[in-house]
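Take a look at the chain below.

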Amino acid sequence: MTPTQVWTTAVVTAAASVALGGTLLPVAFFFAYAFRDTVEVEQHALFLTGVLVAAGVTAGIAWVVAAAATGRSRAAGVVVGAATAATYATALAVGTLVCFAYESQGSVTADQPSLPFVALVGLCLVVAAVGVRALARAGRPSVSRG
């Protein structure tokens with residue numbers, strides 16, 4: 001893939017992640033936490049599973065579109081995977097930090113140990129950084145040796 005194709009694919013994938021995530025993540029949040037008086041580990045696991053499903057659906061759709069547009073399914077898969085992972089990991093980290101900020105108002109992190117959420121934010125930041133690095137490497141022009 002050319003650098004232009006890589007960055008076009010990355011931007012389209014990030015836009016798809018935002019659009020689909022804006023719909024799918026609230027649904028996952030609702031199914032995991034709605035109408036619960038107390039939040040247990042099972043609700044957190046259900047929500048994280050919903051995030052993974054949403055990311056998988058987004059990546060699948062974006063990969064089909066990118067592979068059709070570029071004709072390079074393997075290269076498109078790397079770019080789509082990196083862009084999807086970076087976008088969803090960033091959204092999950094920001095959402096967790098927002099929950100921390102609103103604990104006094106009964107957010108889902110209230111009355112929960114903080115360490116797992118801090119670890120989740122750290123993991124999300126690592127995943128986002130790895131995704132951005134993979135995009136940067138994929139977007140560099142390659143030199144072929146003859």
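## Ground rules

This is a predicted model, in which local features need pLDDT of at least 70, side-chain atom pairs count only at pLDDT 80 or more, and totals for chains, interfaces and linings use all residues. Residues are numbered from 1 along each chain as its sequence is written, and side-chain values use heavy atoms, with hydrogens and water left out.

## The whole chain

The protein chain has four helices and zero strands. From the N terminus on, the order is α-α-α-α. Helices (H or I, at least four residues) and strands (E, at least two) are DSSP runs, numbered from the N terminus.

Along the principal axes, the C-alpha atoms fill a box of roughly 65 × 25 × 20 Å. The chain has 146 residues, and 36% of them are buried. Buried means under 20% relative accessible area, exposed means over 50%, and partly exposed lies in between (1.4 Å probe, protein chains only). A contact means heavy atoms within 4.5 Å. Among contacts between residues at least 6 apart in sequence, 69% join residues at least 24 apart.

## The largest pocket

Rolling a probe the size of a water molecule over the atoms shows where empty space is left. Here, the largest pocket holds about 440 Å³ of space. It is lined by 24 residues, and the closest to its centre are Y33, F47, T96, F117 and L120. A pocket is found on a 1 Å grid over the protein atoms alone: it is an open set of points where a 1.4 Å probe fits, with protein on both sides within 12 Å along at least five of seven lines, and lining residues have an atom within 4 Å of a point. Grid points are joined across faces, edges and corners, and the volume is the space filled by probe spheres set on the points.

Which elements give two or more residues to the lining? They are α1 (3-33), α2 (41-70), α3 (73-101) and α4 (114-139). The largest share, eight residues, comes from α3. By class, the lining has 19 nonpolar, five polar and no charged residues. Ala, Val, Leu, Ile, Met, Phe, Trp, Tyr, Cys and Pro count as nonpolar, Asp, Glu, Lys and Arg as charged, and the others, Gly among them, as polar.

## The loop between α3 and α4

T109 sits in the loop between α3 and α4. Is T109 buried or exposed? T109 is buried, with a relative accessible area of 1%. Leaving out residues up to four places away in sequence, T109 touches C99, F100, E103 and F117. Its side chain makes a polar contact with the side chain of E103 at 3.0 Å. The side chain of T109 also reaches the backbone oxygen of C99 at 3.2 Å. A polar contact is a pair of N or O atoms within 3.5 Å; within protein, one must be able to donate a hydrogen and the other to accept it, and residues adjacent in sequence count only if both atoms are side-chain atoms.

D111 lies in the loop between α3 and α4 too. D111 is exposed, at 82% relative accessible area. Most residues other than glycine have a negative phi. D111 is not a glycine, yet its phi is positive, about 60 degrees.

The structure holds zero disulfides (a disulfide is a pair of cysteine sulfur atoms within 2.5 Å). For C99, the nearest cysteine sulfur is that of C124, 12 Å away. C99 counts as buried at 17% relative accessibility. C124 counts as buried at 5%.
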